[in-house]
Amino acid sequence: MIDDVLGPSLDVLFCGINPGLMSEATGHHFARPGNRFWPALHLSGFTPRLLAPAEQHLLPSFGLGITNIVARPSAKASELTRRELAEGGERLTALVTELGPKVLAVLGISAFRTAFAVPKAVIGPQDMTIGQTPVWVLPNPSGLNAHWTAETIAGELRRLRATLT
């Protein structure tokens with residue numbers, strides 16, 4: 001299991017689907033070299049420079065945190081069961097209620113739809129909150145998601161970031 005990266009008064013709690021095998025091996029979120037999370041985070045202006053996965057501990061100093069819907073690592077998110085995703089949605093709801101970040105940003109539309117039983121959700125802000133926390137869905141930054149580039153993911157992150165000012 002990979003530890004969450006949390007801190008007080010988070011602006012954004014990013015939520016991945018589940019750890020990949022490289023993340024599990026290293027203990028760092030979004031650790032596979034082809035993952036676009038870290039480049040997109042920097043391109044969007046959330047971090048002043050490109051961080052390496054091993055620098056994830058710096059995120060709370062920027063008001064950012066990371067967790068996952070499901071703790072179990074896998075090679076592909078498609079290996080997760082509907083039950084795991086639904087249970088992960090319940091755990092995530094409890095975590096967001098406890099932490100109260102300004103925004104929850106889930107990185108993966110299909111997993112979000114299943115975890116929160118919102119089958120028609122689209123990328124962007126959602127018509128739901130968890131407590132007082134607005135929910136956004138962002139593209140999955142995995143290199144397996146060929147429909148999105150680091151730049152287009154960064155564009156969605158910029159849209160989110162603009163709501164925080």
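## The loop between helices H1 and H2

In this predicted model, Phe 30 sits in the loop that connects helix H1 (21-26) to helix H2 (37-43). The backbone of Phe 30 has a positive phi of about 50°, although the residue is not a glycine. Most residues other than glycine have a negative phi.

Phe 30 has a relative accessible area of 12%. The cut-off for a buried residue is under 20%, so Phe 30 is counted as buried.

Is Ser 9 buried or exposed? With a relative accessible area of 67%, Ser 9 is exposed, whereas Phe 30 is buried.

## Glu 84 in helix H3

Helix H3 covers residues 82-99 and includes Glu 84. The relative accessibility of Glu 84 is 19%. Because buried means under 20%, Glu 84 counts as buried.

The side chain of Glu 84 makes a polar contact of 2.6 Å with the side chain of Arg 72. With neighbours within four places in sequence left aside, the residues in contact with Glu 84 are Val 70, Arg 72 and Glu 79.

## Order of elements and overall dimensions

The chain contains five helices and five strands. Read from the N terminus, their order is β-α-α-β-α-β-α-β-β-α. The radius of gyration is 14 Å, close to the 15 Å that the globule rule gives for 165 residues, so the chain is as compact as a globular protein of that length. The C-alpha trace spans about 35 × 35 × 30 Å along its principal axes.

Contacts between residues at least 6 apart in sequence include a 68% share that joins residues at least 24 apart.

## Burial, surface and charge

Of the 165 residues in the chain, 47% are buried; Phe 30 and Glu 84 are among them. The chain exposes about 8000 Å², and carbon and sulfur atoms supply 57% of this area.

The chain carries 14 positive and 13 negative charges. The mean position of the positive charges and that of the negative charges are 7 Å apart.

Conventions. Residues numbered from 1 in each chain as written. Predicted model: local features only at pLDDT ≥ 70, side-chain atom pairs only at ≥ 80, totals over all residues. Heavy atoms only, no water. Helix = DSSP H or I, 4+ residues; strand = E, 2+ residues; numbered from the N terminus. Rg over C-alpha atoms; globule rule 2.2 N^0.38 Å. Buried < 20%, exposed > 50% of the residue type's maximum accessible area, 1.4 Å probe, protein only. Contact = heavy atoms within 4.5 Å. Areas by Shrake-Rupley, 256 points an atom, 1.4 Å probe, with all protein chains shown as cover. Lys, Arg positive; Asp, Glu negative; His and termini not counted. Charge placed at Lys NZ, Arg CZ, Asp CG, Glu CD. Polar contact = N/O pair within 3.5 Å; in protein donor to acceptor, adjacent residues only side chain to side chain.
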